[in-house]
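Welcome! Keep the picture open beside you, and try each exercise before you read its solution.

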Amino acid sequence: MSETQSNATTDLCIEIRNMNKWYGDFHVLKNINLAVTRGEKIVICGPSGSGKSTMIRCINRLEEHQEGDIIVDGTELTNDLKNIDAVRREVGMVFQHFNLFPHLTVLENCTLAPIWVRKVPKAEAEATAMEFLERVKIPEQANKYPGQLSGGQQQRVAIARSLCMRPNIMLFDEPTSALDPEMIKEVLDTMVSLAEEGITMLCVTHEMGFAKKVADRVIFMDEGEIIESNTPHEFFDNPQHDRTKLFLSQILGH
Amino acid sequence: MTKETYAPGTHPSLPPPKNTVGVIYWLKENLFSSATNSIVTLVSIYLLYLALPSAINWLFIDATYVGTTRKDCAPDGACLAFIGERFNLFVYGFYPAELRWRVNLATLLLVVAGAAVLWDKIPARKQMLKFAMVYPFIGAWLLTGGFGLEPVGTHLFGGLMLTLTIGVTGIVFSLPLGILLALGRQSDLPIIKYFCIGFIEFIRGVPLITLLFVASTMLSYFLPPGTTFDLLMRVLIMVTLFASAYMAEVIRGGLQALPKGQLEAAESLGLNYGQAMRFIILPQALKISIPGIVNTFIGLYKDSTLVIVIGLLDPLGIGRASVADSDWLGLSTEVYLFVAVFFFISCFGMARYSLYLENKLNTGHKR
């Protein structure tokens, strides 16, 4: 991945074209167009119910779109299960509620998918898992069960679990929203160090400090539409739309 | 009493106060916590005092253990000699006496196979599990004969071995069938989904006795004339199908109790449907369902007494026949007590095992 960074401007990693999605009659995503280049860090924000989570969940087909194209790493998402599996292997996801597997140890959480999906030998998968657990600074918890860890530790395990599949793209769906304030920092630190390594990142979050620090682009969504997309500097200091200004005044107002 | 004082941040953890631990405290808290509670406790003790000595006298002290006729039995005690006299009938039914070693061997191997499945610390478990996989065939071969063994008709099966045959077969086959039905009921494919729903609702809507009658009489109308389909085989199929419908609903409850995020996490890691079910969803759903699953097992095991209506004699059936024996009149208490004890031991065993399993699988995520 890192060799291709030089021509990052032309190397499209995710391409969403004229994408629409409905839940029954409810039009949740309206004509979404988004191109993400390799290595780009994107922060997506917006009021609740604006469709930001739904949009990133369409990228690994946890949600199905009804119109338009989504192309991830050259593979188009259709009903073809092979394509879906291929995309999911390359796209890691971190959830608001961690979604660790409670009946497996931390180490087993991290090795299950590499062993069964990537067909990596067990010993190698465990070595990789320990490496990533060290990266998120909890190797000593490897043989515990998720229920024995704090929320922040669980979320870091969830990040390590995704990384063990060696994805090209990481999706974060409000990774710090379910955490106690004192644990948010440890998760954000992990995400910042990940960003510095050049992985492509899409992150739904309200942590504006994180956005300012690592994002190449901030996207603001409201009522299923992308309202504004800009560099963090422009986005925070010079928002273009009234809706964006209102949102920023509400979240930065105190 | 003076309290020690500690500077902020230096308070050590202290043991609980003396009057909140120990036997006296337990008695006070649990048996005599209020006036009503004390009265209930005392009345209970009085009732036990009235009932226990005479029951013990009847069952142990005045009981007759050895004897060959009704006259050998003491008038005021239990006539357990009768049970001893009929013991082989209770255990083997009408299985030919000279071939009973085959039943014994099958039971012994069942214990070995069962230990491999139920107890994960057994030595060489992998090999043992392979043995457990082929055991049903070995067991069936030993019991019914053929392939070099003298054949024994299933109409000779009876007593405890019949209960075990029905119970074990039902338990072994209804669990996987129930899992498939539960997953099928949630399928996106309408044909599979509606077939599973129809099957489950039909079986649940019909009493087991009806199904057993269907098994014993109606099936022969539907099958081509001349085909003989073993009666016990029909019973086994019906009991298994019956239990599997209940099992499916119990497991569906477990599946629905899982947060949606578990499947999403599995999918986002690239696991396919089969892998997600096998490694993530089913282990958790089955764990949640253990009480219900074992409940269904116990129900199935006890329902096996219903085979009496189609002429198969399980321990209860043998008991009823024995009570009617004119040489041994008036022994229904002893006989039914014996049958009850037999069923209680088996069912209580299952219940305790399910508790053990729940504890073992508890990984502390219920904090």
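**Exercise 1.** Which hand does the link of Cys73(B) and Cys79(B) have?

*Solution.* Step 1: find the bond, a disulfide that joins Cys73(B) to Cys79(B) with an S to S distance of 1.8 Å. Here a disulfide is a pair of cysteine sulfur atoms within 2.5 Å. Step 2: look along the S-S bond; with 45 degrees about that bond, the link is right-handed. Step 3: check the surroundings. Cys73(B) is buried at a relative accessible area of 9%, and Cys79(B) is buried at 1%. (Buried means under 20% relative accessible area, exposed over 50%, and partly exposed in between, using a 1.4 Å probe and protein chains only.)

Before you go on, some ground rules. This is a predicted model, in which local features need pLDDT of at least 70 and side-chain atom pairs count only at pLDDT 80 or more, while totals for chains, interfaces and linings use all residues. Residues are numbered from 1 along each chain as its sequence is written, chains are lettered from A and ligands numbered from 1 in the order in which they are written, and side-chain values use heavy atoms, leaving out hydrogens and water.

**Exercise 2.** Is strand 7 of chain A buried or exposed, and which strands pair with strand 7?

*Solution.* Step 1: find strand 7, residues 169–173 of chain A. (Helices, H or I with at least four residues, and strands, E with at least two, are DSSP runs numbered from the N terminus.) Step 2: five of its five residues are buried, so the strand is largely enclosed by the rest of the structure. Ile169(A), Leu171(A) and Asp173(A) cover one side, with Met170(A) and Phe172(A) on the other. Step 3: look for partners, where two strands pair if DSSP finds at least two bridges between them. Strand 6 (residues 91–94) of chain A pairs in the parallel sense over four bridges, with Val91(A) opposite Ile169(A). Strand 8 (residues 200–204) of chain A also runs parallel to strand 7, joined by five bridges; there Phe172(A) has Cys203(A) as its bridge partner.

**Exercise 3.** In what order do the four strands of the open sheet in chain A stand, and which are at the edges?

*Solution.* Step 1: read the order, 2-1-4-5, with antiparallel pairing. Step 2: strand 2 (26–37) and strand 5 (75–76) stand at the edges with a single partner strand each, so one side of each has no neighbour in the sheet. Step 3: look inside the sheet, where strand 1 (residues 12–23) and strand 4 (residues 67–72) of chain A share five bridges. Glu15(A) has Ile71(A) as its bridge partner in strand 4.

**Exercise 4.** What does Thr190(A) touch?

*Solution.* Step 1: find Thr190(A) in helix 6 of chain A. Step 2: Thr190(A) is buried, with a relative accessible area of 11%. Step 3: list its contacts (heavy atoms within 4.5 Å). Not counting residues up to four places away in sequence, Thr190(A) touches Val136(A), Arg156(A) and Ile159(A).
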